[in-house]
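User: Hi! I am new to reading protein structures. Could you walk me through one?

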Amino acid sequence: MSKKGIISVLLSVCMLISVLMPQTAVWAADTEQNEEQTVIDVMQYGVDPSGAKDSMPGIMKAIEAAKQVEGPVTLNFPKGEYQVYPDKAYRRELYISNTVGTNQSYKMKTIGFLFENMQDVTVEGNGSLFMFHGKMTTFATIDSTNIKFQNYEFDFYTPSVVDITVESVEGSKAVIYVPECYDYSINGTTITWKSDVSPYTGQTYWTASNALANVANQRCDLSTGLTVRSGTDLFNNLTSITDLGNNRLEFSYNRNVSFKENVCYQMRNTTRDHSGMFFWKSKDITMENIGVHFLY
């Protein structure tokens, strides 16, 4: 082989090595990282992916186990539905803006997932649904670094914002649709809205009546998508409320109604007793591929 041919072969080999070496190094680094990553199967701590029982005690035990791990750790939730009740959840005295001021009634916060003085933790949901109950902050970090939440959805079994829709109007009567997630009772012209029931006490977590706090309500015109802040006139001049079944109510008035069909009334209390999420004195907190259906 000529010198030119030898040089050409050597150059080709050198180029091949220069291409392969970085890839090999990255692969080795990934393998090493995976070997150092501790994965905790939360089911070993009593967490229930079938959704049949409260997973909150098991979640707390799994988080406590993660605190004992040196190095990166993943809390692995097999795909399923997890019930998260407030009765045995974390409780912390927290002075969060717009929830606690001169009124100290709401300084104690209930929290579902709390990572405090922790680092390098991943919550892997694997496409699961976390179903929260009552009133609580869903996810929080305090004095923590590099906490990652990924691949799950969460919702509240009974949202504290009550939305009902006017389906039809005829003269002095209107048919109102109430979504299936709301429980209620009727007494004359008063509706009492009810949260779900605690599996520990058998009591509801909260109740409210009629338009809740009328000054903070909204109306969404479903035909146009326009939402405006306004009072709720559904409960003015009522003479009776009749339960028609199938999540429909008939409102009767002492005059012909003036509001429109196909309008959703969104009603809520103005008391801000919990924040939706809470990240404090923390850094590198990431949320990836998260489906959020309701937040306080």
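Analyst: Happy to; we will look at a helix, then the cores, then some salt bridges. Keep in mind that this is a predicted model.

User: Let's begin with the helix. How many residues does α2 have, and what span does it reach?

Analyst: Helix α2 covers residues 56-67, twelve residues in total. From its first C-alpha to its last it reaches 17 Å, close to the 16 Å expected at 1.5 Å a residue.

User: Which residues of α2 are buried?

Analyst: Here is the general idea to start with. An α-helix has 3.6 residues a turn, so residues three or four places apart point the same way. In α2, the buried residues are Met56, Gly58, Ile59, Ala62, Ile63, Ala65 and Ala66.

User: What covers the buried residues of α2?

Analyst: The cover includes several strands: β1 (38-41), β2 (73-76), β3 (81-84), β4 (90-93) and β5 (108-116).

User: How should I think about a nonpolar core?

Analyst: In soluble globular proteins, nonpolar side chains tend to be buried together. Here the largest nonpolar core has 38 residues, and Leu75, Phe77, Phe115, Phe130 and Phe132 have the most contacts inside it. Elements giving two or more residues to this core include α2, β2, β3 and β5, as well as β6 (119-132), β7 (137-142) and β8 (145-156). The largest share, six residues, comes from α2. Apart from this core lies another, of 26 residues, with Ile164, Ala174, Ile241 and Phe259 among them.

User: Which residues does phenylalanine 130 touch?

Analyst: Leaving out residues up to four places away in sequence, Phe130 touches Phe77, Tyr82, Phe113, Phe139, Tyr152, Glu153, Phe154 and Asp155.

User: And salt bridges: how many are there?

Analyst: The count comes to seven. To read one, look for a side-chain nitrogen of Lys or Arg within 4 Å of a carboxyl oxygen of Asp or Glu. Lysine 135 and aspartate 273 form such a pair, with their closest N and O atoms 3.2 Å apart. Lysine 135 sits in the loop between β6 and β7, and aspartate 273 in the loop between β18 (263-267) and β19 (277-280), so the pair ties together parts 138 residues apart in sequence.

User: Are those two partners buried or exposed?

Analyst: Lysine 135 is partly exposed, at 25% relative accessible area, while aspartate 273 counts as buried at 9%.

User: Could you show me one more pair?

Analyst: Lysine 260 and aspartate 221 meet in a salt bridge at 2.9 Å, N to O. Lysine 260 is in the loop between β17 (248-253) and β18, and aspartate 221 is in strand β14 (residues 218-221), 39 residues apart. Aspartate 221 is buried, with a relative accessible area of 13%.

Key:
Residues are numbered from 1 along each chain as its sequence is written. This is a predicted model: local features need pLDDT of at least 70, side-chain atom pairs count only at pLDDT 80 or more; totals for chains, interfaces and linings use all residues. Side-chain values use heavy atoms; hydrogens and water are left out. Helices (H or I, at least four residues) and strands (E, at least two) are DSSP runs, numbered from the N terminus. The expected span of a helix is 1.5 Å times one less than its number of residues. Buried means under 20% relative accessible area, exposed over 50%, partly exposed in between (1.4 Å probe, protein chains only). Contact means heavy atoms within 4.5 Å. A nonpolar core is a set of buried Ala, Val, Leu, Ile, Met, Phe, Trp, Tyr and Cys residues joined through side-chain atoms within 4.5 Å.
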